[in-house]
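Subject: Handing over the structure, with notes

Dear colleague,

I am passing this structure on to you, and my notes on what was found in it follow below. Please read them with the sequence and the model open beside you.

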Amino acid sequence: MNITVNPAPPFRSAILSGQPFEVRRDSETLAVTRAGRLALQLNVAAGAEYWLERAPATPQAQPPALLRGALLAALEMLSATDAALDLIRLHAGQWPELKEALLQTGIARAGGAALTVSPSMLWQLPEPWLARAPALYPQNHVRSGERWHPLRPAKPQGYVYQRFIAWLGQSFSLRVASVERDVHTMHKWMNDPRVAQFFQEEGDLAFQRDYLNGRLADPHMLPLIAEFDGVPFGYMEVYWAQENRLGPYYAAEDYDRGWHVLVGEQAYSGGQFISAWLPSLMHYMFLDEPRTQRIVGEPAASHQRQVRNLERSGFAALKDVDFPHKRATLVMLMREKFFGKRLWHPSPKA
């Protein structure tokens, strides 16, 4: 399998519907194009200060959705490629409709002659990373066994999340697993001795079909296939902690979420890929349910290197817990920490 790592490609927006925007920057301008046509241009001043200008040779009237998407692509590029960037000053005097849209979403604040855009608020906006904006599902508590928890929404289908990874020059995507499409791939991955050693779900094709069907039918589980540029490389389960085996081991809150991961293709096990999919998976979980404040995990306590890497990626190791099948370390990541410290950027130590 050939994997190309391009350190400086044109930045592509994460839009899942329609054609993506491309963002290119030089010393004086930030140009946003779509299908080869200029959609928006920002003039670059010193520091993180930008003037939104009418693009040359571009009609004055453009669809508001196109302008909004182009501007979000530019803001995504700026905040995705500069880990130290904590504020963007945007001059948008000629664009009252865009200025009002930014103020309404909450990602910008009026500050004198310019708007101030906060990356930590921008990255909590579902657009453009999610396939669709999440509906705030009404809260109605039900009982599952001994757990009292909110009724969970119906599961999505197809692609749910996408993000362009600048340091790879590739797009990371999550889609809901399908038995018809993915059972053979899952069978190969689960029976790889490297994976079976820790995931412990090896079995024949019928077993894998039942496994996937079971996860799809379970209201508290969401099975996902992870891809780089459309190539499946891993399986990721997202679960609601209240109803999970982990829930009784700590004071689980209604919208806490957890995750299990296997990387099935060894070519994608390197640190540059982990630093892309790990924060992206956390980002998806926080975006998918705005009421989720905490993400938990349960790596094996014996895997000290994995626990240390999770700590360097923003997780706190709280305690060890004893499951029937393993001793695990309970780790937790807070929403406030993820967005406040802009942890979509990889830790240089992780």
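In which strand is Arg257 found? Arg257 belongs to strand β15, which covers residues 257-263; strands here are DSSP runs of E with at least two residues, helices are DSSP runs of H or I with at least four residues, and both are numbered from the N terminus.

Before the details, a word on the source. This is a predicted model, in which local features need pLDDT of at least 70 and side-chain atom pairs count only at pLDDT 80 or more, while totals for chains, interfaces and linings use all residues. Residues are numbered from 1 along each chain as its sequence is written, and side-chain values use heavy atoms, with hydrogens and water left out.

The chain as a whole

The protein chain has nine helices and 18 strands. Its radius of gyration, taken over C-alpha atoms, is 21 Å, close to the 20 Å that the globule rule gives for 350 residues, so the chain is as compact as a globular protein of that length; the rule itself is 2.2 Å times the number of residues to the power 0.38. Along the principal axes, the C-alpha atoms of the protein chain fill a box of roughly 65 × 45 × 35 Å.

Of the 350 residues, 49% count as buried, a term that means under 20% relative accessible area, whereas exposed means over 50% and partly exposed lies in between (1.4 Å probe, protein chains only). The protein chain exposes about 16,100 Å², and carbon and sulfur atoms supply 52% of that area, which was computed by the Shrake-Rupley method with a 1.4 Å probe. Among the contacts with a separation of 6 or more, 62% are accounted for by residues 24 or more positions apart, where contact means heavy atoms within 4.5 Å.

Strand β15

Arg257 counts as buried at 4% relative accessibility. The C-alpha atoms of Arg257 and Asn43, which are 214 residues apart along the chain, are separated by 41 Å.

Leu262 lies in strand β15 as well, and Leu262 is buried, with a relative accessible area of 1%. Not counting residues up to four places away in sequence, Leu262 touches Trp189, Met190, Val195, Phe198, Phe199, Gly234 and Tyr235. Leu262 and Ala73 are 189 residues apart along the chain, and 31 Å separates their C-alpha atoms.

Helix α7 (residues 271-288) has 18 residues and reaches 26 Å from its first C-alpha to its last, close to the 26 Å expected at 1.5 Å a residue; the expected span is 1.5 Å times one less than the number of residues in the helix. Helix α7 is mostly covered, with 14 of its 18 residues buried. Ser280 is placed in this helix and counts as buried at 0% relative accessibility, and beyond its neighbours within four places in sequence Ser280 is in contact with Tyr161, Arg163, Ile165 and Phe172.

Leu98 has its place in helix α2, residues 96-105, and counts as buried at 4% relative accessibility. When residues up to four places away in sequence are not counted, Leu98 touches Leu52, Leu67, Arg68 and Leu71. From C-alpha to C-alpha, Leu98 and Ala65 are 9.7 Å apart in space, and they are 33 residues apart in sequence.

Backbone points in the loops

The peptide bond from Glu127 to Pro128 is cis, with omega near 10 degrees, and Pro128 lies in the loop between α3 (119-122) and β9 (141-144). Ala35, although not a glycine, has a positive phi of about 55 degrees; Ala35 sits in the loop between β3 (29-34) and β4 (37-44) and is exposed, with a relative accessible area of 55%. Gln200 also has a positive phi, near 60 degrees, and is found in the loop between α5 (193-199) and α6 (205-217), where Gln200 is partly exposed, with a relative accessible area of 47%.

With best wishes
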